[in-house]
Amino acid sequence: MLGVENERASERKTEPGGRPEMPLGMKVFLLVLLAFSLFHAWCCWSGSFTAKPAFRAHFASTGDWRHTFLIFSGSCCVAFLAIVAGWGCGVFSWPAAGLSYPWPALACVTFVCLSAWFAILANRDLPRDRLNLPGMNDEAFTAWNYRATGLLISAIALFSLIFVVPIELALLPENRALSYWRAMHLASGVSPLVPIFAILIGFYLSFWFTLHGLALFGPDCPCLPPKETLAIKDAAGKDRDFLRMFSQEDAAARIEQAALPLNWKIATSAVCLVVLCFAAACLVAQGIPVRSLGAQNYAIIFLVWLDICCSLSIIETWRLYQIWNELRRLLTFLDRLPLRRTLASLHGFSWGSVWKMSGNVLDVRYKVISRQMECMNHTIASLQEFAKVSSDPEELQAARRSLDALTEMHKSGIKFAEWYSINYANSRVGDLRSFKDFQETIASASGTLLSQLLVPAWRKEKGSLIVGRASDEKEQATPTAPPQAGQEHIRNAEEFVCLNYLGFVQNVLGRLRTMAMTIMVLLLASTVAMSTYPFDPRQALSAVLIALFIIVGVVIVMVYADMHRDATLSHVTNTKPGELGLEFWFKIVGFGFAPLAGLLTRVFPGITDFVFSWLQPGISSLK
């Protein structure tokens, strides 16, 4: 037997192609993966609320368990990419006689896994080491490091047990080398690595956007007035919660609870949907519903990952609709208040400014904060002038209460301004308590102004907010704003309250945007995974993709259309309520183009063949 192996080894040295080398495309992918693992580790280590680029704020941890879990999940995706690439290069099997072991691929896999490990530990130590936040002591942190290391090793081992071991056991000595050779040619159209890469990359991008969405609900996020500040006294002098639908406890808490990622209700629903879809597919096909060019074990593994990817996109779509329903309820209540006249008069807001929301605290949110501080000064000055000339005891009492609330906000604003002037360029700043306190005083002052000053003033108004705008609205591209309040302090107070609610709405819309991007990348990953490998049956898989695209597309179009038709958002963006403008169609086209292109490549395979026919000569020319 040894003589036969030596003879075969000598033959490989002289045969053309007897000792195949790793293709250039695979070498480039390993180098890109190595560089990407370094980038991921750097992001986790250098998270900052203030430094550029803005996405570093997504990685700035305050010790929240959701943030830690997301960082762990994203790092696992990076490590899993390396494991899959290593299997395709033959890292987990000793080569046949005459073939060399892929030591460079093993080194790359090891380095990427170590980078993922470093990313997890560095991000967990970020609040204490770089952001100067109170955290765990050295003993607790050391214990956490051991647990995190054990969990990562367990995750890598479990993934290898699920992915590598079943496929390796199905390979025979006669087809092992050829299977690796086919896997490493990523642009051939028959590489089993590309579909798994597509799904894992989709998972990583969904982690990125979910982390961005979580950053929007940090300690610095805008909040609504406490319910106690919105209490209104009835004729008997008893406090009544008639405005509770505008409060933090009722409105904001429901919206934020639905918008936060990784709650147990969503996790349970996702697991149930994954199991249900897999069982239904196997039941309908009376066996494994997907076939591939390789072993059946690979088809099962791919089907599981595809099931998870599609199920997550459906769950995220359902959550998007749920959050929008909660937010729409608040917007509807706001449109029932005379505040709509002030919302329609605000300048400097468009769909671009309202829809786009970054996680960078001091770069984006300070724009709204600065306007609120400016409006605070105007409101204080106008209330002081009103208190000098008013003789109504009730109005004077309301003005004094409003001034007291604004004075508290002014004191908190001074502390925040001092903190901001020191730390706006400090990449290591992490203590946002002064920012959080300032947001809470803003909300408290808004509640006091709304319940104590504005509601009594609105009851005394005699002019209509409807009749004045009905004259020639049909001929105008944007509706004319309703007539403003006659008294200056009422106008300033309305503007102040509107800015508070607008900041909160903008934050939630930013979360909806990250969810829409998550849905898009998951849908795109599914289509690319099925379009880059000849899975069978093609018609059934294409039908699944079409059904998924229709379900997701219908919900997205409904939510986007409702946003652009919403009266309150139309007032803010100076568009006509109930109509869909160009901005809506641009968003729909931008969202659906990439998934639709991937779907077409699946339904019409000739498109994929055409793309690969262009890629192959280009890759060959680089050799």
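**Cavities**

On a 1 Å grid over the protein atoms alone, I took a cavity as a set of points where a 1.4 Å probe fits but cannot get out, with lining residues having an atom within 4 Å of a point. Grid points are joined across faces, edges and corners, and a volume is the space filled by probe spheres set on the points.

The volume of the largest cavity came out at about 80 Å³. It is lined by 10 residues, and P222, R365, V368, Q439 and G503 are the closest to its centre. I then assigned the lining to helices, which are DSSP runs of H or I with at least four residues, numbered from the N terminus. At least two lining residues each come from α14 (361-389) and α17 (488-531); α14 has the largest share, four residues. By class I noted four nonpolar, five polar and one charged residues in this lining. For the classes, Ala, Val, Leu, Ile, Met, Phe, Trp, Tyr, Cys and Pro count as nonpolar, Asp, Glu, Lys and Arg as charged, and the others, Gly among them, as polar.

The second largest cavity holds about 70 Å³ of space. Its lining includes L331, L339, C498, Y501, T568 and V572. I found that α11 (296-335), α12 (339-345), α17 and α19 (567-573) each give at least two residues to the lining of the second largest cavity, and that α17 gives the most, with four. This lining has 10 nonpolar residues, one polar and no charged.

**Basis of the values**

Residues are numbered from 1 along each chain as its sequence is written, and side-chain values use heavy atoms, with hydrogens and water left out. As the model is predicted, local features need pLDDT of at least 70 and side-chain atom pairs count only at pLDDT 80 or more, while totals for chains, interfaces and linings use all residues.

**Helix α3**

I looked up α3 (residues 65-88) next: its 24 residues reach 35 Å from first C-alpha to last, close to the 34 Å expected at 1.5 Å a residue. The expected span is 1.5 Å times one less than the number of residues. Of the 24 residues, 21 are buried, so α3 is largely enclosed by the rest of the structure. Buried means under 20% relative accessible area, exposed over 50%, and partly exposed in between (1.4 Å probe, protein chains only). At the start of α3, I found a side-chain oxygen of D64 within 3.0 Å of the backbone nitrogen of R66. Just after the helix, G90 has a positive phi of about 85°.

**Aromatic pairs**

My search of the whole structure gave 29 aromatic pairs. Rings of Phe, Tyr and Trp (its six-membered ring) pair if their centres lie within 6.5 Å; planes under 30 degrees apart count as stacked, over 60 as edge-to-face and the rest as tilted.

F36 and F39 form a tilted pair, 6.3 Å centre to centre with 35° between the planes. Both lie in α2 (residues 24-45), three residues apart, about one turn of the helix. F36 is partly exposed at 25% relative accessibility, and F39 is partly exposed at 30%.

I then checked W87 and F163, an edge-to-face pair at 5.8 Å centre to centre and 80° between the planes. W87 is in α3 and F163 in α6 (residues 138-170), so the pair ties together parts 76 residues apart in sequence. W87 and F163 are both buried.

Last, I noted a cluster in which ring pairs link F36, F39, W42, F55, F59, Y204, F207 and W208.

Terms used. 1 Å grid on protein atoms, 1.4 Å probe; cavity = no way out; pocket = protein on both sides within 12 Å on 5 of 7 lines; lining within 4 Å. Polar contact = N/O pair within 3.5 Å; in protein donor to acceptor, adjacent residues only side chain to side chain.
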